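The entries below follow the order in which I looked things up.

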Amino acid sequence: MSLDAWLTLVVLGAAVVALVADRFAPVIVFGAALGALVLADVIEPSLALSGLSSPAPATIAALYVLAGAATATGTFSDLVDRTLGRGSLLALCAGTAALSSVVPNTPLVAMFAPRVVRWCQRHGDSASRYLLPLSFASILGGVVTLIGTSTNLVVSDLLERSGEPALGVFEITVVGLPVAIVGVVVLSTIGRRLLPDRVPASADLGRRAREFQMAASVEADGPLVGRSIAESGLRHLDGVFLALVERDGVDHDRATALAASPSTVLEAGDVCCFVGDLARVIDLHDLDGLTATEHAHVLRAQGAGTRVFEAVVAPLSGLVGETLRSAEFRSRYSGAVMAIHRADGALGGQLGRITLRAGDVLLVLADDSFGGRWRGHADFSLVAAVDEPPPLRRDRSWLVVATTIGVVAVAAAGLLTLFESAMVGAAVVVGGGAISAREGWRAIDLNVLLTMAAAISLGAGVAESGLAAEIAGLVGSAAGVGLGDVGLVAVVMLATIALTELLTNTAAAAVMIPVALSVATDAGAEPRMLAIAVLIGASCSFLSPVGYQTNLMVFGLGGYRFGDFARVGAPLTAVAVLSSAAVLPVAFG
């Protein structure tokens, strides 16, 4: 093996260790890996930056704008109520898979998951029976067409760079559709029996928030009357925080909820609602000018510009590894965290001293604009109001549906490239008023785009260094001479699935595509067959919550444990591998 190949192997190994340690965001790890390869003179700077010039990140950005328009108009919002209203898990999974074939699955799950939780709350059902199938169904639907996931576009880009034609919009449907159909059936039958009955985040958050609430009224003749919250010293209490102020008495049918900003001036009879460590809340009895009261209903303080939100901490969030106090959450996000839910339940102590992890669900009290400011931001994979208001632009739903169909049809007919078609589609929904330019920008996940660009460059570097050819020899030997195309597909898929659980799905695809193409060259197999095997293996991440962003979204919301994903996902993984090994050699061999 050449020196360049050895250096690339060492850099990739270091990248895997860094990602497994979960200390740095993938985009930082990939960027550092590319920088190391450039400094070692393994690749040229132009190759390291080539991912930024790829149409794939820009295409997925345009598709995110389309998905944002669907959210803003509530285009598909009734699907959850209609399918679950019939009591059919199969209908929910089938509908989600169908939509995720043309709408990126990450924003789709972000739109559907809160509605599933609310439906379950209204009907006394457990959200854990539906959220995991929702995520898995969206992943299955993502392999039906080229625009289903960002990983598909990365594979198509790397395939084109190797000299092969780019994948067509429906080229992967011949194998992706059988995988999705069989997967949805298995998920709705065998998977249904394996689904756990967990306490969802919404129930646990409500319990935790109620356990840590207390209210105190401002005494008419006390020293706090006429003073702002900052002047009264109520903003920086040890272990507790002032979540909101209720004015006009303690009758919650008539009270007005005010945000507890530093400039809010207290009046006689105001009810100050505190949240925090119970032992510290009891100490509020000693504050001069406040009298403890029985009324502490922060969770019911809806309206009047105040709303309660659930926010899921994203893997790339700056909050990961921080506490609420060290992150200065209240001043940074203009919201007060009333409770934290963690899937494994390992929480204790004061809220402000809990070190946050990816997947933690925060119950945040903030003004109405909190959702608009932070929905789609890299710090949160999901932000949803507990009582989500109806979308404001339902009259533009037809435009979103027509544009989505047009994007797919025009690209499939070859009238425009997928990149051009998606860009025109994004311009249409913005120009047609389905989503504003500002909202469209917010809908784009820049971390996803940068990760895609870095992964594309890294994949090109693996091929350039000669490492792909070396690994290809090992993979070809592992497949065995007697297994033929079926063995090659199975081995490539299994290797990709294993790599996906260590890295991200995009990174696994970027590393495995040059390997798969080298295997195809050595074995005399069809390159597109193995490229699509990589695509499906990287996309079908069912074995852990960290392999795919939609899995991490529902991980905290559903109150799942780590092993729940492997238990339900193992049959789906087997379905994906066996279906692909059976169909791909016939369709492309």
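The entries run from the overall fold to single residues and their pairings.

**Conventions.** I number residues from 1 along each chain as its sequence is written, and I use heavy atoms for side-chain values, leaving out hydrogens and water. As the model is predicted, I require pLDDT of at least 70 for local features and 80 or more for side-chain atom pairs, while totals for chains, interfaces and linings use all residues.

**Overall.** I counted 26 helices and 9 strands in the protein; these are DSSP runs numbered from the N terminus, helices being H or I of at least four residues and strands E of at least two. Of the 589 residues, 56% count as buried. I take buried as under 20% relative accessible area, exposed as over 50% and partly exposed as in between (1.4 Å probe, protein chains only). The accessible surface comes to about 22400 Å², and 60% of this belongs to carbon and sulfur atoms; areas come from the Shrake-Rupley method with a 1.4 Å probe, and for residues only the protein chains shown count as cover. Among contacts (heavy atoms within 4.5 Å) between residues at least 6 apart in sequence, 80% join residues at least 24 apart.

**Helix α6 and the cysteines.** I found that α6, residues 89-100, has 12 residues and reaches 16 Å from its first C-alpha to its last, close to the 16 Å expected at 1.5 Å a residue. The expected span is 1.5 Å times one less than the number of residues. Its buried residues include Leu89, Leu92, Cys93 and Gly95. Cys93 has a relative accessible area of 0%, and Cys272 is likewise buried at 0%. I searched the whole structure for disulfides (cysteine sulfur atoms within 2.5 Å) and found 0.

**Salt bridges.** Side chains of opposite charge can pair when their charged atoms come close. I counted 6 salt bridges, each a side-chain nitrogen of Lys or Arg within 4 Å of a carboxyl oxygen of Asp or Glu. Arg528 and Glu171 meet in one of them at 2.7 Å, N to O. Arg528 lies in helix α24 (residues 527-539) and Glu171 in the loop between α9 and α10 (173-188), so the pair ties together parts 357 residues apart in sequence. Arg528 is buried at 10%, whereas Glu171 is partly exposed at 23%. Arg567 bridges to Asp564, with the closest N and O atoms 3.0 Å apart. Both lie in helix α26 (residues 562-588), 3 residues apart, about one turn of the helix. Asp564 is buried at 1%, whereas Arg567 is partly exposed at 37%. Salt bridges that share partners also join Glu164, Glu171 and Arg528 into one network.

**Positive phi.** Most residues other than glycine have a negative phi. I noted Asp41, with phi near 65 degrees, in the loop between α2 (26-39) and α3 (45-48); Asp41 is exposed at 56%. I also noted Glu328, with phi of about 50 degrees, in the loop between β6 (306-313) and α15 (329-333); Glu328 is exposed at 53%.

**A loop threonine.** Is Thr145 buried or exposed? Thr145 is buried, with a relative accessible area of 4%, and lies in the loop between α8 (131-141) and α9 (150-161). Leaving aside neighbours within four places in sequence, the contacts of Thr145 include Ser101, Val102 and Phe170.
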